[in-house]
Amino acid sequence: MTQSIRIGSGLGFYGDNWEPVVASIERGDVQFIASDHLAELTLAILQKDRQRDPALGYARDVVPMLLRLWPLMQPRGVRFVCNAGGLNPMGAAQAVQTALAAKGWHPRIAVVSGDDVLAQLQEGQTGFDHMMNGTAVNSIRDRLVFGNAYLGAQPIVDALNHGADIVITGRVADAALFLGPLVHGLGWKLSDAQTTEDFNRLAQGLTVGHLLECSGQGSGGNFGDQSHWQSIPDLAHTGYPIAEVFADGTAILTKAPDTGGLVNFDTVRQQLLYEVHNPHAYFSPDVVLDMGQIELHDEGHNRVRLTGAQGSAPTPQLKVVAGFKDGFKADVTWGFSWPDAWDKVQAAEAIIRTQLHERKIPFDELFVEYPGLNSAHGALAPLPPTAELNERPEIWVRMVLRTPSKAAADGFGRLFPWMALSGPAYTCGFQGMNNSSELLGIWPTLIDRHLVKAHVEMLEVPA
């Protein structure tokens with residue numbers, strides 16, 4: 001059995017940069033790349049694509065990405081796992097196969113499906129309450145448009161065991177993209193895990209996946225340490241993190257030589273705590289991770305040793321992310337210049353509210369913020385005194401209308417132009433007056449795992 005596996009980070013979101021993956025393949029001595037294309041809200045974006053064209057619904061960057069990477073991967077035997085399939089993993093796999101075949105390349109491609117649980121949510125079964133506020137799903141059931149369970153690593157392991165060079169999944173837990181190759185390559189127990197040793201190894205693998213799932217953020221990118229972020233070298237060429245994982249679960253975090261960024265104690269611990277609600281109970285489909293005993297040993301030279309993750313058996317439920325139709329929005333940004341820029345902005349906002357009232361335009365919310373003043377930190381960024389604001393060279397206001405009416409959203413921008421000559425003086429300009437779109441609400445819930453059946457299908461390799 002292999003004594004260690006080297007696995008590299010791919011994308012951290014739909015639209016991320018894949019050039020750093022080239023360095024990991026060419027100089028990082030990796031056997032696997034795992035690529036996470038699905039941020040929490042990406043399925044909503046893919047649903048809008050699918051509404052326009054039923055053949056879509058997947059992260060389309062996977063095609064040009066693999067056109068770039070496959071000729072580098074093939075001679076080195078590097079295998080690729082990703083969740084770019086989104087809402088249509090078979091469509092993604094077929095698009096990849098067609099594009100690569102046109103170049104004369106014929107990798108073995110596996111499709112992992114079974115995460116689509118929309119039918120169960122729509123069937124009127126009990127349960128599926130909102131995870132955060134307990135609201136019953138009946139309130140939005142007839143507006144649901146997708147529902148996908150977070151699968152674990154087992155179908156990825158199965159696909160790799162069947163010889164897949166490329167594995168394309170739908171919605172799986174982010175870290176499972178990395179845990180699957182580790183289980184496959186190191187011979188760990190997964191669905192048959194029983195002992196403390198079994199679960200601790202899986203916990204180590206899950207931690208590795210968590211540290212690698214956000215591409216460059218695990219190697220110095222997005223580093224927020226005040227007065228220290230400037231010391232991260234060559235952010236223009238940040239190398240994505242790589243983990244060498246041993247049979248006992250011990251891991252070394254590093255990156256490809258001659259790349260920018262930094263792998264040290266501080267950059268790794270920042271990523272370790274990213275998006276973690278309870279570090280003593282980090283739930284995944286494969287294991288519940290307790291980070292309390294993790295030790296990070298900075299060995300220098302972009303090497304950090306990871307040990308100590310503890311695990312326990314997973315819960316009998318899987319998380320589901322569902323999406324439902326939630327009205328429409330329109331978004332307009334408008335600026336005014338000195339003098340009295342702040343007072344002008346306030347007067348303009350009052351005029352818009354008056355028009356909404358007098359014209360009886362239906363809306364649920366008019367969200368207002370001031371870019372450059374409070375749009376990044378909201379209530380945590382108290383506004384300066386009015387006199388100081390009125391001395392600013394310019395102030396911009398962003399108004400977002402949320403409404404159940406598409407006509408109201410489409411017409412929102414028409415409330416503004418006349419004020420260029422008839423409203424407060426010295427308008428800097430309008431942006432987004434034709435910017436309306438349908439909103440999709442997100443519904444997080446749980447489903448009994450026995451109701452979810454993952455499926456692996458190998459595409460036929462053309463003769």
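**Close-up 1. An open sheet of three strands in the predicted model.** The strands follow the order β9-β10-β13, with antiparallel pairing. Residues 282-283 make up β9 and residues 310-312 make up β13; these two strands stand at the edges, each with a single partner strand, so one side of each has no neighbour in the sheet. Strands of a sheet pair through backbone hydrogen bonds. Between β9 and β10 (residues 288-290), the antiparallel pairing runs over two bridges. Tyr282 has Leu289 of β10 as its bridge partner.

**Close-up 2. Helix α8 against the sheet.** Helix α8, residues 196-212, lies across β9, β10 and β13. Relative to β13, helix α8 runs at about 115°.

**Close-up 3. Cysteines without a disulfide.** A disulfide is a covalent bond between the sulfur atoms of two cysteines. The count of disulfides in this model is zero. For Cys82, the closest cysteine sulfur belongs to Cys214 and lies 16 Å away, which is too far for a bond. Cys82 is buried, at 0% relative accessibility, whereas Cys428 is partly exposed, at 34%.

**Close-up 4. A salt bridge between Asp326 and Arg143.** The model holds 19 salt bridges, and one of them joins Asp326 to Arg143, with the closest N and O atoms 3.8 Å apart. This pair links distant parts of the chain, 183 residues apart. Asp326 belongs to strand β14 (residues 317-337), while Arg143 sits in the loop between α5 (118-122) and β5 (144-149). Asp326 is partly exposed, with a relative accessibility of 28%, and Arg143 is partly exposed at 31%.

**Close-up 5. A salt bridge between Asp174 and Arg171.** The two side chains meet at 2.7 Å, N to O. Are these residues buried or exposed? Asp174 counts as buried because its relative accessibility is 14%, under the 20% limit. Arg171 is buried as well, with a relative accessible area of 0%.

Close-up 6. Arg269 is partly exposed, with a relative accessible area of 42%, and Asp266 is partly exposed at 27%.

**Close-up 7. A network of salt bridges.** Side chains of opposite charge can pair when their charged atoms come close. Here the residues linked in a network are Asp49, Arg52 and Arg60.

Definitions and conventions
Residues numbered from 1 in each chain as written. Predicted model: local features only at pLDDT ≥ 70, side-chain atom pairs only at ≥ 80, totals over all residues. Heavy atoms only, no water. Pairing = 2+ DSSP bridges. Helix = DSSP H or I, 4+ residues; strand = E, 2+ residues; numbered from the N terminus. Contact = heavy atoms within 4.5 Å. Axes fitted to C-alpha atoms, helices over the stretch in contact; angles between N-to-C directions. Disulfide = S-S within 2.5 Å. Buried < 20%, exposed > 50% of the residue type's maximum accessible area, 1.4 Å probe, protein only. Salt bridge = Lys/Arg side-chain N within 4 Å of Asp/Glu carboxyl O.
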